[in-house]
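Reader: I want to go through this one quickly. Can you walk me through the packing?

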Amino acid sequence: MCPECQLFVVLNCSRCALAESTLLPLVEHGLWLELVDVHEAGGLPPSYLSRAPLLRRVDTGATLDWPFNADQVVHFLK
């Protein structure tokens, strides 16, 4: 079972769209992913805005910075 993740994004960001498209095949295989707009979410560390897109595991709080590929995400989720 895959851990729950959040993808912190900025709307209309081309890098964020690429990150989301990289993750879609993993979502189709069971990854639970919540998209979070860093401008709308409260209480985030200020660095999240400059680091977006940023993948975060909900269970551990570990983060993976862009750029990443599917293999790196799979390793991150283990």
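Author: A term to start with. Buried means under 20% relative accessible area, exposed over 50%, and partly exposed in between, with a 1.4 Å probe and protein chains only. The model is predicted, so local features need pLDDT of at least 70 and side-chain atom pairs 80 or more, while totals for chains, interfaces and linings use all residues. Residues are numbered from 1 along each chain, and side-chain values use heavy atoms, without hydrogens and water.

Reader: Which residues of helix 1 are buried?

Author: C16, A19, T22, L23 and L26. Helices are DSSP runs of H or I, at least four residues; strands are E runs of at least two; both are numbered from the N terminus.

Reader: What do they pack against?

Author: Strand 1, strand 2 (32–37), strand 3 (54–57) and helix 3. Contact here is heavy atoms within 4.5 Å.

Reader: And L23, what does it touch?

Author: L23 touches L7, L31, L33, L55, F68 and V73, leaving out residues up to four places away in sequence.

Reader: Now the core. Which residues touch the most other members?

Author: L7, L23, L55, F68 and V73, in the largest nonpolar core, which has 16 residues. Such a core is a set of buried Ala, Val, Leu, Ile, Met, Phe, Trp, Tyr and Cys residues joined through side-chain atoms within 4.5 Å. Helix 1 gives the largest share, four residues.

Reader: What else is there besides that core?

Author: A second, separate core of five residues, including F8, V36, V38 and Y48.

Reader: Back to the helix. What follows helix 1?

Author: G30, with a positive phi near 110°.
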